[in-house]
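Student: I would like to learn how to read confidence, strands and cores in a model. Can we go through one?

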Amino acid sequence: MKFVVYFLLVGLTLSISFAQKSSTDSLKQLLTQPMADSSRVLVLDELGRSLMYSKPLEAMQLAQEGLVLAKKIKYEKGESRILNRLGSILRITGNYPSALSMHLASLKIAENNNDLDGMAKTLNNMGILYLEQKDAQKANAYFRQTKTIAEKINEQNLVLISLINIGSNYAKLNQLDSALIYTQEAYRMALNQQNNNINVLLMNLGNIYFRIGNYPLSLKYYHQSLPYSIKTRNNRILSQTFLEMAQVFKNNNAIDSCLYYAKKSFEVAQNAQNMPSIFEASKLLSLLYDSLDKSQAYTYFKLAAAAKDTMFNQEKVKELQNIGFNEQLRHQELENAQKEYLSRQRIGLLLGILVFIIILTGILYRNNLHKQKAYTLLQQQKAEINLQRDKAEKALLELKQTQAQLIQKEKLANLGELTAGIAHEIQNPLNFVNNFSELSIELLEEMNEEIDRGDIEEAKTITGDLTQNLQKINLHGRRASSIVSSMLEHSRASTGERVLTDINKLADEYLRLSYHGMRAKDKTFNAEYELMTNENLPLVSIVPQDIGRVLLNLLNNAFYAVWQRQNLTGFSTAKVIVATQHANQQIIIRVKDNGTGMSEATKAKIFQPFFTTKPTGEGTGLGLSLSYDIITKGHGGSLEVQSTEGVGTEFILHLPIDKK
């Protein structure tokens with residue numbers, strides 16, 4: 001496994017993430033109390049810092065609120081801090097050009113006010129930015145400036161951070177001697193300060209000696225790191241340390257010890273939901289078991305694949321958040337441009353009044369000159385109005401494009417759920433085909449033996465068994481083929497063409513697919529489901545792919561609700577019911593669950609775009625909004641919700657039969 005350096009990202013963020021929940025709550029509570037505006041700016045900056053790694057969008061909004069307040073009260077120190085914070089948030093979300101602009105603006109204000117603390121913090125973040133961009137030379141220059149200023153103002157925490165970053169930088173340059181010197185110095189300082197980064201520094205020392213090839217000393221530092229991580233419940237670093245120890249034993253061909261620590265890493269990473277460590281540990285265990293136990297190797301290979309898939313989805317979520325940030329920035333730029341335009345209008349009005357007063361004083365010989373100036377000003381204002389109109393139209397176009405992208409992502413997410421369910425369901429016929437094929441091979445071998453013995457009657461008996469096996473293989477093969485055909489049908493983009501469709505069959509298919517999709521994501525999930533159909537239901541003209549997406553979305557939400565109630569209360573009778581009816585020239589589909597239910601406030605907003613009750617990263621807030629539009633606008637029907645909090649939810653879908 002490649003040597004991974006956590007000097008910068010882990011060293012700077014772990015102490016923040018462990019205390020994040022309590023510090024965030026305290027800061028939010030503090031904001032509700034009366035305080036000076038300058039103090040409120042600094043509290044907003046700290047709150048943005050505590051949230052920027054877990055909730056960057058909320059952190060961005062808080063920082064922008066602080067920036068508006070700092071400018072309003074002309075608090076330049078606070079403005080510098082907030083601009084630096086905005087730069088860090090933009091860097092975390094991958095918007096490096098805008099991040100650098102924010103840092104430069106922060107540095108300029110700090111320099112103008114001789115704010116050495118603000119200068120040091122901004123220079124450090126600029127070094128991090130260039131380190132992430134793999135420009136080690138520039139990063140090193142900024143870290144050394146940070147260290148010089150921090151020593152000058154005796155800010156020991158900043159000195160420690162700069163030493164960690166310089167060591168990290170030398171490690172990236174593969175200058176391990178220099179990396180070791182700075183990391184050891186940072187370690188001694190952390191011990192004196194009783195700093196929370198001691199376990200990280202010990203692990204980094206182990207990593208350096210591992211890369212040098214001094215395995216005994218590497219293991220020594222890894223072992224010293226463990227008690228600190230266990231004491232602080234830092235499962236992220238604990239899992240990484242176990243994984244690095246497993247790599248040391250692997251290089252020493254101590255396979256038993258390697259297996260032991262790889263399993264420890266995997267268990268701790270699972271508890272901490274640390275996907276990178278789950279992926280690396282599963283991959284290592286799969287490799288180790290490949291020659292020991294093929295079944296175990298395959299199990300860990302699947303876990304590694306699942307972890308990799310989860311990290312991919314998280315990257316998609318992060319990409320979606322970046323789009324939101326960029327759109328927010330465009331709105332801010334448009335607002336600033338409009339303010340400048342209004343200011344120019346007021347200046348033009350004052351100039352016009354001045355011209356009018358001068359005309360009234362009787363200075364007639366300058367009338368022509370003033371008329372020319374007024375005409376020029378009018379042309380400038382007209383050009384400015386046209387420019388602002390073009391900017392507004394461009395911003396509107398970009399907003400529509402962004403909305404279209406979000407809708408496409410939601411459709412892709414639904415397709416992913418559908419594919420997971422089909423893949424889970426197709427496993428059953430494939431298992432039958434494999435089992436009967438293996439059994440047929442054994443029967444053929446027995447038949448050959450009986451023929452060799454001359455026992456033709458026994459051989460004929462075996463051929464009968466073979467015939468039955470082949471019939472079953474053929475039956476389950478046709479079942480698998482049918483499932484694949486369905487998958488291909490549903491994976492096609494919707495053409496918008498209506499066809500006569502059996503709603504009972506469609507509901508049955510998506511009910512099973514949704515359940516198996518949920519089981520594919522969480523093996524521990526279990527719930528009852530039931531389809532109650534009206535067998536005399538007429539065919540209805542619909543776009544099957546669109547109605548399928550609606551049913552899949554409603555069923556996914558229903559199974560998620562009962563799963564959530566199971567996790568919260570230990571509820572054991574989870575059930576989802578789908579019922580179809582025919583009344584008043586309408587097809588009525590009911591999707592009912594006994595999950596967590598909804599409050600009145602949630603029901604009022606449930607069909608609004610981007611509204612979601614799921615945790616960050618698990619929902620876009622577009623599923624029910626798109627479903628509502630498909631039913632009401634696309635098919636002329638209606639979609640209603642009835643729910644009682646703590647009891648369950650029922651969605652009622654009406655489709656007109658005579659709609660062509």
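Student: Over which residues does pLDDT stay under 50?

Tutor: Where pLDDT is low, the predicted coordinates should not be read in detail. This is a predicted model, and its pLDDT stays under 50 over residues 1–21. The model has 54 contacts beyond four places in sequence for that stretch. The protein chain averages a pLDDT of 81, and 83% of the residues score at least 70.

Student: How many residues of S7 are buried?

Tutor: In a regular strand the side chains alternate between the two faces of the sheet. In S7, nine of nine residues are buried. One side carries Gly648, Glu650, Ile652, His654 and Pro656, and the other Thr649, Phe651, Leu653 and Leu655; both faces are covered.

Student: In which sense do S5 and S6 pair with S7?

Tutor: S5 pairs with S7 in the antiparallel sense over eight bridges, with Ile589 opposite Leu653. S6 and S7 are also antiparallel, over seven bridges, and Val641 has Phe651 as its bridge partner. Three residues lie between the strands in the hairpin of S6 and S7, where Gly646 has a positive phi near 85°.

Student: Which residues touch the most other members of the largest nonpolar core?

Tutor: That core has 39 residues, and those touching the most other members include Ile503, Phe559, Leu653 and Leu655. Elements giving two or more residues include H19, H20, S5 and S7. H20 gives the most, nine residues.

Student: What does Phe559 touch beyond four places in sequence?

Tutor: Its contacts there are Leu511, Ser514, Tyr515, Met518, Phe525, Tyr529 and Val576. Apart from this core lies another, of 36 residues, including Ala139, Leu160, Tyr170 and Leu201.

Methods: Residues are numbered from 1 along each chain as its sequence is written. This is a predicted model: local features need pLDDT of at least 70, side-chain atom pairs count only at pLDDT 80 or more; totals for chains, interfaces and linings use all residues. Side-chain values use heavy atoms; hydrogens and water are left out. A nonpolar core is a set of buried Ala, Val, Leu, Ile, Met, Phe, Trp, Tyr and Cys residues joined through side-chain atoms within 4.5 Å. Buried means under 20% relative accessible area, exposed over 50%, partly exposed in between (1.4 Å probe, protein chains only). Helices (H or I, at least four residues) and strands (E, at least two) are DSSP runs, numbered from the N terminus. Contact means heavy atoms within 4.5 Å. pLDDT is the predictor's confidence in each residue, from 0 to 100. Two strands pair if DSSP finds at least two bridges between them.
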